[in-house]
Amino acid sequence: MAETLPRTTEPQPELDETAIIARDLIRFDTTNHGEGRSNGEREAAEYVEAHLRTMGLDPVVHESAPRRANVVARVPGANPDKPALVLHGHLDVVPADPRNWSVDPFAGEVRDGMLWGRGAVDMKDMDAMILTAVGDILAEGRLPERELILGFFADEEAGGLYGASWLVDEHPELFAGATEAISEVGGYSITVGGKRAYLLQTGEKSLVWVRLVAHGTAAHGSRLVRDNAVTKLAEAIARIGRREWPIRLTGTTRELLAAIAGALGVDPEQVSPDELALATGSASGFITATLRTTSNPTLLQAGYKHNVIPDRAEALVDIRTLPGEEDAVLAELGDLLGPDVELEIVHRDVGLEAPTHGPLVDAVTHALNAHDPEAAVFPYLLSGGTDNKALSRLGVSGYGFAPLRLPDGLDFPAMFHGVDERVPLDALVFGRQVLKDLLLAY
C-alpha cells in the first residue's frame, strides 16, 4: 500500500465552481469494469441532468441498459446559420485500487493546490469545465456563437457500446446539424525549448482489441507434454509483445514534429522522430506511441490447478494502429501467432485525422492566446481513443481540447489511468475561461 499523505490542517482554499463540480463527480464511483459492468453512471448522470436544468436547459437522459445513463442537451446558438458543435465528455472511469493511492480515489480531496481522485483528468475535469463555461455564458444572458449539443456519456472506458456508440446507432437525431466535436485528451500545456505550447488533439489511432486462444492436450502435470497450450500462447505473446513496429509518420505527426523542431531550433530532417518526441518531456509518453503501431499483451488466463496441464490458454492484446494500418497489422499478427493459436477480434474501431488548420483551430489558438499570449498550439495524434470515433460515423470531425495550463514538472500523461490522478485547481479555472471564450467566438 502506498504511503498515505497526512491530512492537512491548513485552511482549504475557496473552490471555483469548476473544482466543486469536478469534486462532486469524482465522489460518484463510476468505475467501468468492462464487459457490461459499471458502477454509478446513473447517479452521476442525474447530478449532471439536475445541474443542466438549473442552467435553464432541458436535458434528456437516455439509458442504453439499466443504469447505463447518457445525458444530452441542446443550447441555442446566436448564429443559426452555423452548424452545431458537439461538446462532450464521459462520466465513467477506469478502476482504482485504493491500496496503491496516497488518497481515497473517490473522495475528491483537495490538497497541495490540486484536486485528487479517479477522473480528475479523465475526464471529470472537462465535464465540469463544460458545465461551468456554458453556465457562465447563459448566466450573462448571452448565447454561444453556434448551437451546442452537450453530451455526457457512459461507457467510454470500454469502447462506448453503452454510451456514444449506442447513441449514434439508436438516436442519431440527437446530433443532427453538427459537423464538429470537442472532447478530451488535448489542450493541455507542455514545455518545449523553454517555451509553453498546447497540444490540440486532431487525430486518434485506431483501436483493435484481440483475444488469442491456444489449444493443446490436457494432461497430468507430471507428464512429458510438448503439445502444451500455455507454452504455445506464451511464445505467441512474447513475439507480439516484443514486435518493434516501424515508425510511420502521418500528416498530423509530421506537422507536430516540425513544430517541435521549430521550437528547439533544429532541422527535423536531422533529428530522429523519437528524439523530437522525447524533447516534449513527460508528454513523450503519449507522443512516442503515435509514431508507430503498438501491441501490448494485457491479460493471461489458463488452467485451474497446479498439477493439471490445461488444453486451453488465452490472452488479451491491446493493439493501437496508425490510421489505415488495421488490416495490415492484423495480417502480420496472424503470422506471429504460430500453430494452434487463434485470433478473435473483440473490438475494432477506426483511426481518425481531422484537419489541422481551419476556423476551429484558429479559434482555439485565439482563445488560448487571450489567456496565454506567448503560447503556441501544436496538433497531435492521440495514441488512445475517445468517443469522437463514434461521432465520426455521423460525419462529425472530432478534436481533443480540454484546456489546462500546467506547471512544469507535472507528469500529466501519467495521470491518465494512473495512480494519484490529480489536476491543479488553477488549471481548472483557466480551462473554464478559455472554453467560454472559444464558445462565444466560434
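This protein has twelve helices and 21 strands, where helices (H or I, at least four residues) and strands (E, at least two) are DSSP runs, numbered from the N terminus. The radius of gyration is 23 Å, close to the 22 Å that the globule rule gives for 442 residues, so the protein is as compact as a globular protein of that length. That radius is taken over C-alpha atoms, and the rule is 2.2 Å times the number of residues to the power 0.38.

A word on the source. This is a predicted model, in which local features need pLDDT of at least 70, side-chain atom pairs count only at pLDDT 80 or more, and totals for chains, interfaces and linings use all residues. Residues are numbered from 1 along each chain as its sequence is written, and side-chain values use heavy atoms, with hydrogens and water left out.

Next, the whole chain. The C-alpha atoms fill a box of roughly 80 × 55 × 50 Å along the principal axes. Of the 442 residues, 54% are buried, meaning under 20% relative accessible area with a 1.4 Å probe, protein chains only. Among contacts (heavy atoms within 4.5 Å) with a separation of 6 or more, 79% join residues 24 or more positions apart.

Strand 6 pairs with strand 7 (residues 114-116) over two bridges. Arg111 has Met114 of strand 7 as its bridge partner.

Terms used
Buried means under 20% relative accessible area, exposed over 50%, partly exposed in between (1.4 Å probe, protein chains only). Two strands pair if DSSP finds at least two bridges between them.
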